[in-house]
2 protein chains.
Amino acid sequence: VSKDKYGDTPVLGSTDYKPLKNKRYGLYEVSELTDGTEVLVRCEVATARSQSAKLAFLNFSDDLDSIQAVVAASESLSRQMVKFAANIPTESVVDVVGLAKDVKDPIKSATISNKELHITQLWVVSRAVPQAPIQVADVEGALPGDNTGAAQQDETGRALVGLATRLDNRVLDLRSKLNHAIFEVRDGVKSAFIDFLKENRFKSIDTPKLLGSPSEGGANVFEVGYYKRKAYLAQSPQFYKQMLISSRRKRVMEIGPVFRAEDSNTSRHLSEYTSMDLEMEFIDDYLEVVNLIRNLMHHILSTLQSKYSRETEHVRKVYPSESFKLPPNAADIPIVEFEEGCKWLNEKGIETDAGDDINAQQERSLGDIVREKFNTDVYILNGYPHTARAFYTFPRGGDLSAKYSNSFDFMMRGQEVLSGAQRIHNYEMLCKKMRGMEPPMDPESAGFKDYVDAFKYGCPPHGGGAFGLERVVCNWLALPNVRMAAFFPRDPSRVTP
Amino acid sequence: VSKDKYGDTPVLGSTDYKPLKNKRYGLYEVSELTDGTEVLVRCEVATARSQSAKLAFLNFSDDLDSIQAVVAASESLSRQMVKFAANIPTESVVDVVGLAKDVKDPIKSATISNKELHITQLWVVSRAVPQAPIQVADVEGALPGDNTGAAQQDETGRALVGLATRLDNRVLDLRSKLNHAIFEVRDGVKSAFIDFLKENRFKSIDTPKLLGSPSEGGANVFEVGYYKRKAYLAQSPQFYKQMLISSRRKRVMEIGPVFRAEDSNTSRHLSEYTSMDLEMEFIDDYLEVVNLIRNLMHHILSTLQSKYSRETEHVRKVYPSESFKLPPNAADIPIVEFEEGCKWLNEKGIETDAGDDINAQQERSLGDIVREKFNTDVYILNGYPHTARAFYTFPRGGDLSAKYSNSFDFMMRGQEVLSGAQRIHNYEMLCKKMRGMEPPMDPESAGFKDYVDAFKYGCPPHGGGAFGLERVVCNWLALPNVRMAAFFPRDPSRVTP
């Protein structure tokens, strides 16, 4: 009786593939439908199990949604079809026709709790090989604490899959609802960044990633064979975005990859990551730049708060965290002077020298203090010691012997997510600064000349900063490892898949 | 009398810098002001010349705008100030206070033709070194025909600066109004691409640029020293965007750099360029993908037509071209079958074999024919020979021995700007296809395994394409060389600045 109601379709695109004529729905739409509406959805099989020869239960999944489905033998539905359904390998892509029926008791095993699909047709569009190297259900949970990659189980017997195994099988891993939520947030951060800056007349730029010289000192740079010579991968768009300011682009932004050959395997570093850069002219004071970025940061975080609460809550169930404390207005995000911050740390018995940078541990402690004082998880640390910043950073008051500089970091949950500064736009000051570095830098050398020359022919005062996209995502969601916020992370021991 | 009315400001950011209190304007706003309004603008000096000891003329520039200004000695303005003004090196950045006065006869030497600035204060914010390697005014015109880089002049005695010299001095070159116009258009193309795809539920992705193996065959790939091993720069996001489709991202987009180690120095190729990629699931037919991209293409071109006419006209004055013929609706952009296109070429006496690809010259001829037939500068060539496309291209009707494939190019002014296709989403078909290639490809080899495995565990049917951003800009503006549409172009002989 069920001939022409189920089976494997021919490969879609083949001459003998026949489209179904029923009305298509997105799975997310089903919960709102009238009881008994017939739907056709394309989704994936999360689970399939036979209850008896006459009854099978399936769980279908799509994005953040899932639904329970039953296929029951009847006068119009054969036992063969029930058997077929129960035996579809998980992860297969299917076209399902069924009636969306109301249920009495909320269904706990699916996100759509008020409806159940009563299957009338079932077509496998793309059949999965039965034995997948990892089960998607097994990577919905948190990473095991020791992260050895060895097989482990939680108290319920659920396999605990380590990070390395997840990343080795990233295509399957990314199918988890956990990862759907994480990467929706990532998309949201990028969109909010672009939207705000476009609204504020920033123009998009694309700076070269292949450079003729290892700029910015030459440490931690990847070398490339470039035809008959060497080239180097850009560690940041810094020089080029400033050169474009000098070429009279008033406000520029770029989202793109940057490459860091640091041989460190910490949970905070990637060898390739996505940098969200901006650079802008200012008129009288670099605090114009700080204020614009503060507005931008507030826009990003309030967008996450208002539009990504479902995703945030999903991740929070897996990685518990306190809800992010965001001040109501951008102007309420505190700007803390570095010197003052160090004093607060000293008061808590944490030793720092206000002439030196602070380390990651001290950063976290200062984050706690600021949270206590201002009830915020985001703040700005302003006026870093001159010696702690890159050579192109503008010294306080324009004085090269000044202790502090016109530089700042933006912090989320006590971790730096953006680093920025006023840059030296004056040619003579820049040359003098470089020659006075320890060891001295030569403004005429191949790695610097094009950059330094950009300031010879008139350049407006300017400043800017760069977000590490993965860090913003990580700190918003309180993820334990920055790799979890990159689609295909790269580190010293990983360059695949 | 003019003490405190002119001079060089201290380096902006220095303690002794004093902000001006006057109301600031953008230069673009000045033409609309009431006669005699006092303005303060920050802009650059395009020209400065003394007429007499009592009178000097300057031309100030900002973005696409320019204005004439006079500084005249009077009871309240000293001859010293006139002399100071006349001697400011071009390209210096200045703060100008002046009265925006109506003029009787339109001023031809400035884009703001109805107003002249009568200077009352003049401050040099960033002074240019007097002798610049190229004059911005000299790169406002077209490239000299022979492009040798040797010094040449046009009939009026104006220096003609070749492409190499322009690119060697790119920061100055990019200051030209010509380049302001070109890169505004570039920004417009990106914005239109992102806006349309976001509106259509595409999610932004960032795929890795550092790969563990030279994928896609290994030709034309840059090799990178990656810690203690080798890595390779991505030639496209192709494999990864498909892997993300398999990881259940339904619609993905990416704008990012791609790297091609082709040793060819043509006007159409770059070693690093910006690819605008998209990939999407479809339900029943890959023409769903073609239609979406057709709508996207139409959105981009109609945005350029409606919002970038000033920039387009500016470039057209330098590089004359016919106005772009864009059909009124997306659905009017013709889809021409490859086989049919070859027939049309044959009818014009141009020999082609419909089983082979067509070359760039034939492409242009076909563009002419299509223009004649359909009155359009944009069209789609659909159904390329299977042998002319990458191995992952879906064969017509799902038949590996078919002559044609479900693939297409989008053409602008007879040149390809996007290449796309349905991809093989079926694991067995893909393996069979690869093993049957000449020479055979091994689905189990390091360069392919992660990619091919993505199709093992269920993958929806999908397709997509990629625009070369620089090509879209180039063909819209009819520029003679693709390098002109990249901020800092890279080719086999250029990796600086």
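Where is Ala478(B) found in chain B? Ala478(B) lies in the segment that follows helix 12 of chain B; helices here are DSSP runs of H or I with at least four residues, strands are runs of E with at least two, and both are numbered from the N terminus. The model is predicted, so to speak of a local feature requires pLDDT of at least 70, side-chain atom pairs count only at pLDDT 80 or more, and totals for chains, interfaces and linings use all residues. Most residues other than glycine have a negative phi, and most peptide bonds are trans. Ala478(B) has a positive phi of about 55° although it is not a glycine. At 26% relative accessibility, Ala478(B) is partly exposed, where buried means under 20% relative accessible area, exposed over 50% and partly exposed in between (1.4 Å probe, protein chains only). In chain A, Asn375(A) has a positive phi near 55°, and Asn375(A) sits in the loop between helix 9 (360-374) and strand 16 (378-382). A cis peptide bond joins Thr496(A) to Pro497(A), with omega near -10°, and another joins Thr496(B) to Pro497(B), with omega near -15°. Pro497(A) belongs to the segment after helix 12 (469-477) of chain A.

Chain A contains 12 helices and 19 strands, and its C-alpha trace spans about 90 × 60 × 45 Å along the principal axes. Of its 497 residues, 61% are buried. Among contacts in chain A with a separation of 6 or more, 69% link residues 24 or more positions apart, a contact being heavy atoms within 4.5 Å. Leu143(A), in the loop between strand 6 (115-126) and strand 7 (152-153), is buried, with a relative accessible area of 16%. Beyond its neighbours within four places in sequence, Leu143(A) is in contact with Val161(A), Gly162(A), Leu163(A), Arg166(A), Tyr319(A) and Met484(A).

In chain B, the 21 residues of helix 6 (residues 287-307) should span 30 Å at 1.5 Å a residue, and the end C-alpha atoms are 29 Å apart, which agrees; the expected span is 1.5 Å times one less than the number of residues. Buried residues of this helix include Val289(B), Ile293(B), Met297(B) and Leu304(B).

Turning to the interface, 102 residues of chain B are in contact with 102 residues of chain A. The area buried between the two chains is about 8,400 Å², with carbon and sulfur atoms giving 56%; buried area is the accessible area (1.4 Å probe) that two parts lose on being put together, summed over both. Tyr227(B), Arg248(B) and Tyr457(B) supply 9% of the area that chain B buries against chain A, more than any other three residues.

The largest cavity holds about 350 Å³ of space; a cavity is a set of points on a 1 Å grid over the protein atoms alone where a 1.4 Å probe fits but cannot get out, and lining residues have an atom within 4 Å of a point. Grid points are joined across faces, edges and corners, and the volume is the space filled by probe spheres set on the points. Helix 4 (177-199) and strand 13 (251-259) of chain A, together with helix 4 (177-199) and strand 13 (251-259) of chain B, each supply at least two lining residues.

Definitions and conventions:
Residues are numbered from 1 along each chain as its sequence is written. Chains are lettered from A and ligands numbered from 1 in the order in which they are written. Side-chain values use heavy atoms; hydrogens and water are left out. On a 1 Å grid over the protein atoms alone, a cavity is a set of points where a 1.4 Å probe fits but cannot get out, and a pocket is an open set with protein on both sides within 12 Å along at least five of seven lines; lining residues have an atom within 4 Å of a point.
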